[in-house]
Amino acid sequence: MIVNEQVAVDHGLKKDEYSKICELLKRTPNITELGIFSAMWNEHCSYKSSRLHLKKLPTKGKKVIQGPGENAGVIDIEDNDAIVFKIESHNHPSFIEPYQGAATGVGGIMRDVFTMGARPIANLNSIHFGSPQHKKTKNLIRGVVHGIGGYGNCMGVPTIAGQTSFDSSYNGNILVNAMTLGLVKKDKIFYSKAAGLNKPVIYVGSKTGRDGIHGASMASASFDEKIEEKKPTVQVGDPFTEKLLLEACLELMVEDSIIAIQDMGAAGLTSSSIEMASKGNLGIEINLNKVPCREAKMTPYEIMLSESQERMLIVLENGKEGQAKKIFDKWNLDFAVIGKTTKSKKIELYFDEEKVADIPVNTLVENSPMYDRKWKKTKLPKKNRIKKEDTKHLKIIDVLKKILANPNVCSKEWIWQQYDHTVMGDTIQKPGGDAGVVRVHGTDKAVAAAVDSSAVYCWAHPLTGGKQVVCESFRNLISVGAKPIAITNCLNFGSPENEENMGEFVECVQGIGEASEYLKFPVVSGNVSFYNQTKEKGIKPTPAIGGVGLIRDYKNMITMEFKEFDNLVLVIGKTEGHIDQSLFARTILDEKNGPPPEVNLFNEKNNGETLLKLIDNNLIKSAHDVSLGGIITAVAKMCIKGKKGINIKKPKYLINEIEYFFAEDQGRYIIEINKKDFKKVADILNKNAVHFDELGTIIKNELYINDKTKVAIDELSTTNKNWFNNYMSK
Amino acid sequence: MKSSVITFPGSNCDRDMHVALKKFGFKNKMVWHADTELPKSDLVVLPGGFSYGDYLRCGSMASKSKIMQSVINFANSGGMVLGICNGFQILVETGLVTGVLLRNKYLEFICKNVFVKINDKQNNYFKNVDSEVLELHIAHNEGNYFCTNDQLKEIEDNNQIAINYCSENGEIEDQFNPNGSTKNIAGIFNKHKNVLGMMPHPERMIDKSLSGEDGSLFFKNLINNLK
């Protein structure tokens with residue numbers, strides 16, 4: 001096939017990008033080379049629109065062993081233990097083929113983690129669907145949930161937490177973000193940087209097929225009517241092979257024979273070989289005839305661009321091939337020496353004794369395009385004045401019931417019961433709480449993880465929204481008694497070529513950066529997913545933040561269910577009555593304008609750290625952060641989980657009941673304490689200048705408000721649980 | 001007491017079982033599916049997981065692996081063989097216990113705590129368990145036990161039903177059946193009650209920080225009965 005500008009454009013390259021390629025090579029690329037450039041230079045692999053902005057994120061900290069740039073981030077959890085973690089998107093494939101798209105998303109992120117030598121110990125996910133009424137939504141949910149479960153369950157890794165939301169902006173572009181945590185010894189971490197000349201380059205895992213060719217390019221484009229035609233670009237997962245690959249890799253890693261290892265994810269053999277060479281400042285020579293293929297007569301182009309799953313590329317020490325092969329034979333996996341490292345600093349491919357590609361590595365990586373896209377700032381919207389007559393007919397209990405049955409608040413048990421969340425025998429906090437918690441096997445330590453996003457806040461004001469998501473992650477970890485350590489982010493946005501979408505990205509990233517800097521909660525890994533849009537319409541900006549924290553002694557973990565009658569319930573943090581962009585405003589008043597709640601980083605840090613102090617002093621019986629639906633929703637959930645009631649009184653503030661109970665002001669938690677500890681707790685809170693309200697006392701079975709209105713907890717529980725079950729069974 | 005846990009390609013509860021057996025005093029060995037000889041054992045466990053990816057039919061390929069001939073011989077000579085979840089599926093495929101395990105009634109994987117009622121205590125697994133009802137954990141996609149009417153009559157006549165799904169108070173009713181299994185069956189014995197296949201995972205319930213502690217009851221009792 002003759003390569004020209006049109007062929008390049010068909011590969012998703014821009015005309016000027018094509019001329020740059022010809023200039024760098026000083027000739028016209030052949031079709032295999034063009035395929036390689038298109039795979040490396042697309043948005044998904046090159047981060048060409050985002051790199052400039054991502055650089056501003058804080059990525060360093062005392063506990064950070066490895067920041068962005070590797071397969072995943074690594075943090076220190078003491079005693080020579082480290083946690084490897086990352087979140088990644090698989091949005092485009094999941095919309096086209098929900099089961100396989102979601103499954104391979106989970107498979108891909110687990111590979112990123114065990115590539116570094118870590119055994120995966122927990123999975124999380126953040127999934128976002130269109131309006132429940134949209135005709136595709138139900139099938140997409142079913143497919144995605146089955147896919148996530150199908151892969152994770154088979155791997156034997158517990159899925160411990162997640163987030164599910166609905167918004168019509170995802171009607172044509174659902175989001176599927178998968179996160180994995182792995183455990184590794186600090187001195188046994190493996191990296192992807194190749195080193196040394198003439199070292200054997202090894203291919204292990206599944207055979208290469210024709211699936212997923214140009215998957216990364218598909219993920220770098222918007223959708224249109226013809227999207228169904230892209231089905232062949234979705235990869236097909238085989239979790240069984242991945243389980244074998246995991247065990248085989250970890251077995252090989254016990255020895256010191258691996259120099260570098262990289263999983264074949266997006267852009268398959270192309271990006272894995274090039275990344276290893278680039279990081280090692282070396283060349284790589286590959287004989288494509290040696291690559292194990294599933295199908296006959298695959299061309300070099302197809303072999304290089306296939307995104308077949310469950311494959312790894314390894315640079316091995318000389319002479320260790322035999323020993324390594326034995327391990328992969330034992331696990332019935334393909335093992336082939338396909339090439340070697342060279343000093344050429346080029347990627348050189350041979351097929352049928354002919355050289356089919358010859359590209360300097362730096363042209364693919366360092367010289368890949370980087371754009372300073374135009375972007376538009378979002379002004380802080382004006383506050384709405386909620387008129388008394390709009391709310392005076394509302395009864396708090398009725399509103400509460402509506403909110404508990406809201407798709408974004410209701411219980412997601414239907415989903416997480418389909419995920420094995422207890423395998424490995426260390427899950428001490430299951431899905432449905434503020435964060436999932438797993439013990440570090442055989443120790444007293446435990447690791448907490450949560451994933452959050454607040455698309456509505458980010459849409460209303462990206463800068464504030466970006467900050468808020470990081471803070472919410474911080475709060476979720478603190479609510480279970482964990483000290484927050486670091487985050488991973490999955491940045492889901494519309495087209496970077498649209499100034500508004502690009503502006504949302506830039507300002508969300510700025511917000512994330514400011515909050516993570518202030519809270520000393522650095523970003524250690526992440527992923528950008530642009531072009532989540534159909535035709536001209538992008539999704540609401542949806543950065544998902546995966547936070548990880550440490551609990552020194554798992555016996556001190558906190559859960560959210562109310563524990564004992566007669567205990568006192570307090571609200572930590574000040575309630576100002578911010579209603580704009582709250583669930584109450586959007587669903588009850590149908591008011592979609594106004595600014596999101598303000599984020600005060602000082603209060604956020606101070607309130608959170610003070611709560612950790614209370615937890616350290618064994619003063620907290622249960623805790624839950626206040627988010628969607630405000631104080632009363634948080635309290636109702638604690639009642640439902642603990643099967644207990646509460647008698648609450650609104651403190652004598654200037655704001656009215658509606659504002660007090662449904663406002664979504666930030667930096668707040670609900671805590672349960674023993675009455676006899678009240679003075680101690682109040683002293684610590686006062687000493688640290690943390691505002692608190694005495695909200696009420698735990699009683700049996702009912703929720704009382706100001707001694708007058710009441711509702712049975714069973715009724716709230718049914719309301720909260722039924723929505724999802726009813727929706728899915730209809 | 002010596003135990004052996006078989007690891008098949010795709011087993012994923014083998015480590016959890018190893019941890020549980022060790023915790024309650026067994027000297028446990030991990031045995032690879034391609035081995036032909038079983039180490040000397042008082043108990044052999046086929047653990048949960050997705051042996052051979054559940055491809056073809058759950059448990060079917062594992063039932064043909066090399067080690068299984070030794071396990072079958074061991075069982076036939078009266079040795080204690082316990083199959084949990086995928087291990088149960090492997091046992092039905094070998095024919096050591098009667099019946100088949102179909103896909104769950106609602107076609108969904110289920111991971112949650114359930115209650116089971118012990119139907120028969122005249123065996124080394126449940127003899128002396130100080131409780132009629134246990135709270136255990138299930139995590140499976142194919143746990144819907146099924147057998148023919150003749151087979152059912154036979155296992156009922158021989159008292160081969162080990163445990164049934166039930167309420168917290170031990171009522172065996174449809175609403176407490178998580179997967180549609182015949183007669184709420186959660187586990188069955190072979191004729192001599194030395195082989196037990198069950199869907200619930202006692203190894204996930206051995207610590208009060210986990211889902212519960214009734215698994216501890218099961219293992220403590222098991223090792224005492226074998227002594």
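This is a predicted model: local features need pLDDT of at least 70, side-chain atom pairs count only at pLDDT 80 or more; totals for chains, interfaces and linings use all residues.

**From a helix to the sheet, then to the interface**

Begin by selecting helix 3 (residues 31-41) of chain A, which lies across strand 12 and strand 13 of chain A. Relative to strand 13 of chain A, helix 3 runs at about 35°.

Strand 12 of chain A (residues 346-351) is joined to strand 13 of chain A by six bridges, and the two run antiparallel. To inspect one pair, select Tyr350(A): its bridge partner in strand 13 of chain A is Lys355(A).

Now extend the selection to the whole sheet. In chain A, seven strands form an open sheet with mixed pairing, in the order 8-10-7-11-9-12-13. Which strands stand at the edges? They are strand 8 (258-263) and strand 13 (354-360) of chain A; each has a single partner strand, so one side of each is left without a neighbour in the sheet. From one strand to the next, the twist averages 20°.

Finally, turn to the interface between the chains. Here 22 residues of chain A are in contact with 23 residues of chain B. On the side of chain B that touches chain A, the elements to select are helix 1 (14-23), strand 6 (110-118) and strand 7 (133-140) of chain B, each of which gives two or more residues. Strand 6 of chain B supplies the largest share of that side, three residues. Colouring this side of chain B by residue class separates eleven nonpolar, seven polar and five charged residues.

Conventions
Residues are numbered from 1 along each chain as its sequence is written. Chains are lettered from A and ligands numbered from 1 in the order in which they are written. Two residues are in contact if their C-beta atoms, placed from the backbone, lie within 7 Å. Helices (H or I, at least four residues) and strands (E, at least two) are DSSP runs, numbered from the N terminus. Ala, Val, Leu, Ile, Met, Phe, Trp, Tyr, Cys and Pro count as nonpolar, Asp, Glu, Lys and Arg as charged, and the others, Gly among them, as polar. Two strands pair if DSSP finds at least two bridges between them. Axes are lines fitted to C-alpha atoms, for helices over the stretch in contact, and angles run from 0 to 180 degrees between N-to-C directions.
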